[in-house]
Amino acid sequence: MKSIFEVGNLKSNGHYALATVHNNIVYVSGQFAIDPITRQKKYGTIEEETLQALKNVEMILEAAGSKKEQILRMTLYIPNVKLWDKVDAVYKEFFGEYKPARTVVPTNELHFGFKIEIEAIAYI
């Protein structure tokens, strides 16, 4: 088993790894819209936050030896189910024809006031 704690300037901020690799499967912890260069929180529209979180997941996957087209499953947490259509539009553009398994979980609120958190499982 291998744990990844840092990718570029993305770092875990607590008692967790950005990703764990086991038996050629990558488990990516929930990602927010954090700028991977400055480490600043990038608050914005749900579309902007979704795209940045997806890019962060992709960056972590690549560091682990995988890529977005190898994602098996994603879980997206959003504070309001009414945001689903906007999230889905960004998700569709990001993935194109590829459609990994996905769950969207409406929650009350997310940590730090973000509008979305995304986790992923992929193969290497």
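Colleague: Where in this predicted model does K82 lie?

Modeller: K82 sits in the loop that runs between β6 and α2.

Colleague: Why is K82 called exposed?

Modeller: The word exposed is kept for residues with over 50% relative accessible area, and K82 has 72% relative accessibility, so K82 counts as exposed. As for its position relative to H111, K82 and H111 are 29 residues apart in sequence and 19 Å apart in space, taken from C-alpha to C-alpha.

Colleague: What makes the contact between E49 and K115 a salt bridge?

Modeller: A salt bridge needs a side-chain nitrogen of Lys or Arg within 4 Å of a carboxyl oxygen of Asp or Glu. In this pair the closest N and O atoms are 3.6 Å apart, and because that value falls within 4 Å, the pair of E49 and K115 qualifies.

Colleague: How many salt bridges does a search of the whole structure find?

Modeller: The search finds 2 salt bridges. Besides the pair of E49 and K115, R102 forms a salt bridge with D88, and here the closest N and O atoms are 2.8 Å apart, a value that again falls within the 4 Å cut-off. This pair links distant parts of the chain, with R102 in strand β7 and D88 in helix α2, 14 residues apart.

Colleague: Which pocket do D88 and R102 line, and what is known about its lining?

Modeller: D88 and R102 are among the residues that line the second largest pocket, together with others including Y91, K92 and F95. About 160 Å³ of space lies in this pocket, and α2 gives the most to its lining, with 4 residues. By class, the lining divides into 4 nonpolar, 1 polar and 5 charged residues.

Colleague: What is the volume of the largest pocket, and which residues are closest to its centre?

Modeller: The largest pocket has a volume of about 330 Å³. It is lined by 16 residues, of which K11, N13, Y16, I34 and F112 are the closest to the centre. The strands β3 (10-11) and β5 each supply at least two residues of this lining, which by class has 6 nonpolar, 6 polar and 4 charged residues.

Colleague: Which residues have the most contacts inside the largest nonpolar core?

Modeller: That core has 35 residues, and those with the most contacts inside it are V28, L54, M74, L76 and I118. Among the elements that give two or more residues to this core are β5 (25-31), α1 (46-63) and β8 (117-123), and α1 gives the most, with 6 residues.

Colleague: What is L54 in contact with, leaving aside its neighbours within four places in sequence?

Modeller: With those neighbours left aside, L54 is in contact with M74, V90, Y91, F94, F95 and I118. In soluble globular proteins, nonpolar side chains tend to be buried together.

Key
Residues are numbered from 1 along each chain as its sequence is written. This is a predicted model: local features need pLDDT of at least 70, side-chain atom pairs count only at pLDDT 80 or more; totals for chains, interfaces and linings use all residues. Side-chain values use heavy atoms; hydrogens and water are left out. A nonpolar core is a set of buried Ala, Val, Leu, Ile, Met, Phe, Trp, Tyr and Cys residues joined through side-chain atoms within 4.5 Å. Buried means under 20% relative accessible area, exposed over 50%, partly exposed in between (1.4 Å probe, protein chains only). Contact means heavy atoms within 4.5 Å. On a 1 Å grid over the protein atoms alone, a cavity is a set of points where a 1.4 Å probe fits but cannot get out, and a pocket is an open set with protein on both sides within 12 Å along at least five of seven lines; lining residues have an atom within 4 Å of a point. Grid points are joined across faces, edges and corners, and a volume is the space filled by probe spheres set on the points. Ala, Val, Leu, Ile, Met, Phe, Trp, Tyr, Cys and Pro count as nonpolar, Asp, Glu, Lys and Arg as charged, and the others, Gly among them, as polar.
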